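Subject: Structure for you to look at

Hello,

I am passing on the structure we talked about. Please open it first; my notes on what was found follow below.

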Amino acid sequence: MKLAVQPTRIRETRRHEFAVRFAFGGLVSALTGYIAIQYGPAVGGLFLAFPAILPASVTLVQKRHGNRAAGLDSIGAAMGAVGLSAFGGVAWDAGAAWPAWAVLAAAAVVWLAVGMSVWWVIRGRRKRRPSTAGAAAVKSG
């Protein structure tokens with residue numbers, strides 16, 4: 001799995017795809033606000049971790065690049081969510097005791113460390129897994 005930044009790919013995205021992402025993001029954000037108003041900020045805060053544009057992004061990626069690409073996109077979002085949970089834990093624990101800048105800095109470092117650790121673990125597991133073709137050859141042999 002190779003990570004790469006390709007800013008020129010933005011030109012490949014159609015305007016309606018941006019509109020769909022914007023609409024999904026707005027809808028999820030509005031729904032989260034409604035939940036927070038109805039049930040309080042503690043419950044509403046649980047829904048803030050939901051990536052607002054993930055449903056739209058995964059749908060558009062699946063249509064353009066197939067199920068595998070959409071699945072990988074979802075796995076990446078899940079890895080980011082694990083890091084975000086660690087960020088929230090640090091912010092919750094240190095929020096009242098430390099200055100805001102220190103809380104945000106520490107939480108961001110933890111988010112990066114946890115997110116990268118999860119990525120390295122998954123990457124390592126994928127490298128150790130035998131290929132499907134090899135397993136099929138063993139079965140038929």
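How many nonpolar, polar and charged residues are in the lining of the largest pocket? By class, the count is 7 nonpolar, 3 polar and 5 charged. Please keep in mind that this is a predicted model.

More on that pocket. The space in the largest pocket comes to about 600 Å³. Its lining consists of 15 residues, and those closest to the centre are Ala 4, Gln 6, Arg 9, Val 61 and His 65. Two elements, helix 1 and helix 3, each give two or more residues to this lining. Helix 3 gives the most, with 4 residues.

The two helices also meet each other. The axes of helix 1 (residues 15-39) and helix 3 (residues 54-65) come within 8 Å and cross at roughly 150 degrees. Angles over 145 degrees count as roughly antiparallel, and helix 1 and helix 3 are therefore roughly antiparallel to each other. On the helix 1 side, the contact is made by Glu 17, Val 20, Arg 21 and Phe 24; helix 3 brings in Pro 55, Ala 56, Ser 57, Leu 60 and Arg 64. Sorted by class, this contact has 5 nonpolar, 1 polar and 3 charged residues.

As for the chain as a whole, it has 6 helices and 0 strands, in the order α-α-α-α-α-α along the sequence. Of its 141 residues, 19% are buried. Among contacts with a separation of 6 or more, 55% are between residues 24 or more positions apart.

Regards

Technical notes: Residues numbered from 1 in each chain as written. Predicted model: local features only at pLDDT ≥ 70, side-chain atom pairs only at ≥ 80, totals over all residues. Heavy atoms only, no water. Axes fitted to C-alpha atoms, helices over the stretch in contact; angles between N-to-C directions. Parallel < 35°, antiparallel > 145°, perpendicular 65-115°, else oblique. Contact = heavy atoms within 4.5 Å. Nonpolar A, V, L, I, M, F, W, Y, C, P; charged D, E, K, R; others polar. 1 Å grid on protein atoms, 1.4 Å probe; cavity = no way out; pocket = protein on both sides within 12 Å on 5 of 7 lines; lining within 4 Å. Points joined across faces, edges and corners; volume = space filled by probe spheres on them. Buried < 20%, exposed > 50% of the residue type's maximum accessible area, 1.4 Å probe, protein only.
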